[in-house]
Every structure is written in C-alpha cells, then in structure tokens.
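Dear colleague,

I am handing over the structure we spoke about, and I would be grateful if you could look through it before reading on. My notes on what was found in it follow below.

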Amino acid sequence: MTKTTELKSRLAEITDLHRAAGVLSWDHETYMPPGGLGTRAEQLSTLEKLAHELFTREEIGALIETATAECAPDSDDAVIVRLAKRDYDKARKLPTALVARLARETALAHDVWVQARRESNFAKFAPSLQTIVALTIEKADALGHNGCRYDALLDNYEQGMKTAAVRDIFTQLKAATVPLIQAISERLEAVDDSPLRRDYDEARQLALGESVARQFGFDFTRGRQDKSVHPFCAGFSPGDVRITTRVGRNELAMALMGTMHETGHALYEQGLPVEFDRTPLCNSTSLGVHESQSRMWENLVGRSRAFWRYFFPQLRAAFPETITDADSSETFYRAVNKVMPSLIRVEADELTYNFHILLRFELEDDLLEGRLAVADLPAAWNAKMQTYLGINPPTDALGVLQDIHWSGGSIGYFPTYTLGNLIGAQLAETILVALPDLDAQFERGEFGPLLDWLRTNIHRHGRRYEPAALVERVTGRPISAEAFVRYAKQKFGELYGLN
Ligand code: ZN
C-alpha cells in the first residue's frame, strides 16, 4: 500500500466520524425528544474529540509529508493531499480539549437558545453565549491571526477571505443600495405582498415545497425534507442530503421560498464529486459559494417573473379556495419581491437582507475584540437595526435571538451570506451568456440546463479551487458587488417604477 492510499483510508475514517456527528446533530434539531439532550451532547463531544485526536496525530503529518512527495503534481491525489495538509496544519493548532468542549457546550446551548427564543428571554441564553464567545476567542487565538480575531474565524468558512475585504465589499454595497432603498421607501405601496399572508393549509404548503424541490432537481432517493426550528441543509455524502423547513399558516413565503433556498444548498451537496467521497475533495469549497447556490435557486429562479408564469397554475391548483380570479402570476411575482425593512433575516427581501448581515458582522467583531459585552448585545442589536433599517425589534425573539448560529458556535459565518448573494449574481451574468434563453426555459418549467451548468462549473469541482479562485475562473472576474448592484437596480427599478 502506498502512503497516499494509507492516508486516504485514514481520512475516510475521520470523515465518517464527522458525518456520524452530523447525523446526530440533524436528529437533535429534528426528531430527538428533549430527554435526549444530555447524552446527545456527550455523544457529539466524544465523536468530535475522537475525530480531532485521530486527525492531529504525528503519524498523519508524516503520512501527508510522504504522500506529498509520492503524488504526481497534477493528480487528483495531489489535490487531496494538499487539502489534507491545510486542514491538518489548522487542526494541530486547536487543543483537543477545546474542540470537545465546544462540541458539548454548543449542543447544550442549542436547547437553551430554543427555549429563550420561545420565551423571548435573552437573559436565559446569555450565560451559554458568554461561554461560547469565550471559547471562540480561545479558538481564534489558537488558530492565530494578525491582531484581527475575525480573520482566523472567517477563514474556516471562506478560505482565503479577509475581514478587511468583507468591509470593502459592504462599503460598495452600502453606497449602491442605500439610495435605492431610499427611493423605494417613497413608493412602498407600489408592491403589495398581502397575497402571501392569506390562509394557506400547512400540509399542502409542505407538499408544494417538496414538489418544487423535485422540479428543481432535488433527488429524493438521495435526500429528504423534515421540519426544524431553523431551516438548514446537512449533507452526509452526495447520497444522503437532508434539508429542513418551517411552515406558517399565514406565511406562504416562509416554507416555499425557504424550501427553494435549502434545495439550492442540497443540489450543490448532491452534485459534489462522489468519486472522491470520504476525502477532503468531496466537499463544498466555501459557505459563500454554498450560499450562492441557495440564493440562485431562491432568488434568481424563485423570485423571477418567468418562474412565476410557470408556477402560478400549480399554486392555484394547490390552494383553489385561497387564490382568487383577480390573481395572476404577476400578483405573486410582485408579492415575493416586495422591499420592506423587516425584522427577520431569513425572510428579508434581497435588498435589505445584506444590512442584516452587516449588523451581525459588526457585532461579532465587537464581541471578539472585547468592545461589546454579551449582556449589552440586545441593546446594541436594536440600535443597529434602527440605524440600518429604521426599525426597532419589539422583542428579543424578533431581534437578537432569531438566529441559530451563535448557539452553534458559528461566529465569523454571517458574511458568507452576503458573499453568496454577490457570487450568485455574478455567476448569473456568466450563465446568461451561456444560456441566453434561460427565462424561456423557466417559463416552460425546464430547470435542467441551469442545474447542468452549475454541476459542470461549480459542483463537480468540490474543494479543488479556493472560493475566490473558483469564482474568478468561472466568471473571469474577482468577487465584487458590481453584478449584484446591476441586477438589483434593473429588477427593483422596474418593479418600483424608478427606471
Ligand atoms: Zn443558506
């Protein structure tokens, strides 16, 4: 056996441990009874500890070194070994005890967060969050940085991206979208989204969402959808990809658009290069690119006029008692595109969405650098909501407690959402050159050509290219806000009669 083969078989076992932990986390957020919490937290902690111990052994470092010399430089194995080395060097910086403690504390914090959010009681969640922030600071310092802890954390989700670059992108975005939102705010009544808040049977909403996922190309023999407090996608291999959703009787967009979003994530996971399964190559390249896929299907497809021309008859057939004769595809196309500063990030329109991210990014940076105490977080949150969106959350459940991320220790993660919006728009410009009749295809319900393009240009590469390199390779340009700004001005200018 070559050292490369030996290394790959070790990596496969370590991948199995991480994925087993993933299945347990998925179960925790979907079906586990509350009584399972204590032992589940220990199980997760044990698995992550074992995976970390196995991966950070000296012998893995020795195997990587020999395998590096052994592999042909242009081979797939060379890519796998290079990725393993990158992960290994990082993992070696983290003490096993810290990894185990983070896994345990975040599993416990999840249920505290669910409860605190239900009661809208931030004080209940604050001690858990305090622990997580302290452990995350420890983690950032262990990973190492040049005086900016955020850099160390961001790199875990968006390899190679720097905090300063994120700030620049937000500056560009603000300059372009603040005047646009301002102009729209004088004509808010031009778009009516009340059709989304009529009475829609929940079971039929879920069935319709699954049908849309299937039409987009989600393979239900290699995945499933369930309900959870916060929607997410978890891939355990290209052959087993789980998405979740939530549903509300008077909130048609929540389940429908949410399912389209998670389907976009799932299509990426189902399209990863299965021939490299259980190696570091069979992974998404970054969360920003992941989010570009979800936003592509949610916004560029699901919020397009062409899609609604195709889909409206299906909506009417699902809810014959709710859809009226006065409704048309245009009613719903406009409704799902209403711009309105709102409280909840995942339900925000495409324009105001990025301000939800900017706010979280700034707060996280302040927490990590010790400029903000956890206890002062709700007040800081509300002040920024006022500054950026002009609204004041009436409760913490609708404010600082709304997202699952901090309870899971995902700090440094939020900017990838905005990067995803920008990358999605940038990819769309390139796709339109390759598939100029995309709209006509959507109107006929043909989503295969778009999926094929994404499979060929994004999904099948897995982690072969760093995110910025992948985007530049595919679009010919570095990641920037330009394409998104062009898209937003054109679309919302037309909708609000500004052009
Ligand atoms: Zn997403």
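A donor here is an N, O or S atom within 2.8 Å of the metal, and since water is not among the atoms, a site may look incomplete. Please also keep in mind throughout that this is a predicted model.

The protein donors of the zinc ion are H261 and H265, each through NE2, together with E291 through OE, and they lie 2.1 to 2.2 Å from the ion. Read along the sequence, these donor residues follow the spacing H-x3-H-x25-E. The pair formed by H261, in helix α10 (residues 252-270), and E291, in helix α11 (residues 287-301), links distant parts of the chain, the two being 30 residues apart. Both H261 and E291 are buried.

R278 is placed in the loop between α10 and α11, and its phi is near 70°, a positive value in a residue other than glycine. R278 has a relative accessibility of 33% and therefore counts as partly exposed.

S120, which sits between α5 (96-119) and α6 (122-143), has a positive phi of about 50° although it is not a glycine. With a relative accessible area of 26%, S120 is partly exposed.

The crossing in which α1 passes α2 is left-handed. By class, the contact of α1 with α2 has 13 nonpolar, four polar and three charged residues. On the α1 side the residues in contact include L11, I14, L17, L24 and H28, while on the α2 side they include L37, R40, L44, L47 and F55.

C148 lies in the loop between α6 and α7 (149-157), and it is buried, with a relative accessible area of 17%. Leaving aside residues up to four places away in sequence, C148 touches T163 and E369. C148 and T163 are 15 residues apart in sequence, and their C-alpha atoms are 8.0 Å apart in space.

Q441 belongs to helix α17 (residues 438-443), and at 6% relative accessibility Q441 counts as buried. Which residues does Q441 touch, not counting those up to four places away in sequence? They are E446 and P449.

Lastly, A469 is found in helix α19 (residues 467-475), where a relative accessibility of 40% makes A469 count as partly exposed. The C-alpha atoms of A469 and L427 are separated by 13 Å, the two residues being 42 apart along the chain.

Notes. Residues numbered from 1 in each chain as written. Predicted model: local features only at pLDDT ≥ 70, side-chain atom pairs only at ≥ 80, totals over all residues. Heavy atoms only, no water. Left-handed = near helix turned anticlockwise from the far one by under 90°. Helix = DSSP H or I, 4+ residues; strand = E, 2+ residues; numbered from the N terminus. Contact = heavy atoms within 4.5 Å. Nonpolar A, V, L, I, M, F, W, Y, C, P; charged D, E, K, R; others polar. Donors = N, O, S within 2.8 Å, 3.2 Å for Na, K, Ca; no water. Buried < 20%, exposed > 50% of the residue type's maximum accessible area, 1.4 Å probe, protein only.
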